[in-house]
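Here is a short tour of one structure, written to be read with the model open beside you. Take a look, and then we can walk through some of its details together.

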Amino acid sequence: QLSGIALPDATAFAALRAEHGVASVGAPAAPWIHLIAITLLGFVVLPRSVLALAGHALAMARVRRENGEVLRALNEILEKNVSERTEERDRLWILSQDMLARASYDGTMSAVNPAWTTVLGWSEQKLLTEPYPDIIHPDDVVTIVAALEEMGQTGQPTRFQSRILTADNRSRSVRLAKSIILKILKKNYPT
């Protein structure tokens, strides 16, 4: 039995051959077997295979569509979480009375919070365009370089007291915690 259809037995083959005027004794059966096999293949096996492949393709398309919908929903949730956390971080950055900054390895700051302008009197523009060492009291550059070298060796944030120059050319004592190595300080102001 092939695909739910019973194959003819020898008697049925003989009847088919007799119907078509072929002698039953000694005549080759191969052409008739091939005819039945081709018929079964063309009308049973191939259509079922095509339907199975089409069903599989439709199922995969449905899974991809459902996965896409899940991925979109997860992205929306992630985007909302990132947005909320960014807003919270931005509020902390703006409202903090501590001087927070992001400094690069070339000795400039790429971001400062409002406390820098409040405490030092410098404009944000000046703080972001002038080299960081220019606002450090000249007597403290060596101390800062040593603290940064220690941090580079230990990999741990370093705390130290330093004087930073204000816009009116006075020095302001500030307790700093550095977690970024500003290699440019050592390069420009060797110990």
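## A buried asparagine

A polar atom of the Asn-113 side chain lies 3.2 Å from the backbone oxygen of Trp-93, and the backbone oxygen of Asp-98 lies 2.8 Å from a polar atom of that Asn-113 side chain. Polar contacts here are pairs of N or O atoms within 3.5 Å; within protein, one must be able to donate a hydrogen and the other to accept it, and residues adjacent in sequence count only if both atoms are side-chain atoms. This is a predicted model, in which local features need pLDDT of at least 70 and side-chain atom pairs count only at pLDDT 80 or more, while totals for chains, interfaces and linings use all residues. Residues are numbered from 1 along each chain as its sequence is written, and side-chain values use heavy atoms, with hydrogens and water left out.

Where does Asn-113 sit? Asn-113 is in the loop between S2 and H3; helices (H or I, at least four residues) and strands (E, at least two) are DSSP runs, numbered from the N terminus. Asn-113 counts as buried because its relative accessibility is 1% (buried means under 20% relative accessible area, exposed over 50%, partly exposed in between, with a 1.4 Å probe and protein chains only). Setting aside residues up to four places away in sequence, Asn-113 touches Trp-93, Ser-96, Asp-98, Met-99 and Leu-100, where contact means heavy atoms within 4.5 Å.

## Met-99 and the nonpolar core

Met-99 is among the residues with the most contacts inside the largest nonpolar core, which has 19 residues. Such a core is a set of buried Ala, Val, Leu, Ile, Met, Phe, Trp, Tyr and Cys residues joined through side-chain atoms within 4.5 Å. Two or more core residues come from each of strand S2 (109-112), helix H3 (114-120), helix H5 (141-154) and strand S3 (158-165). H5 gives the largest share, four residues.

Beyond its neighbours within four places in sequence, Met-99 is in contact with Asn-113, Ala-115, Trp-116, Val-119, Leu-120, Ile-164 and Val-174.

## Thr-117 on helix H3

Buried or partly exposed: which describes Thr-117? Thr-117, in helix H3, counts as partly exposed because its relative accessibility is 28%. A polar atom of the Thr-117 side chain lies 2.8 Å from the backbone oxygen of Pro-114.

Thr-117 and Met-99 are 18 residues apart in sequence and 9.0 Å apart in space, C-alpha to C-alpha.
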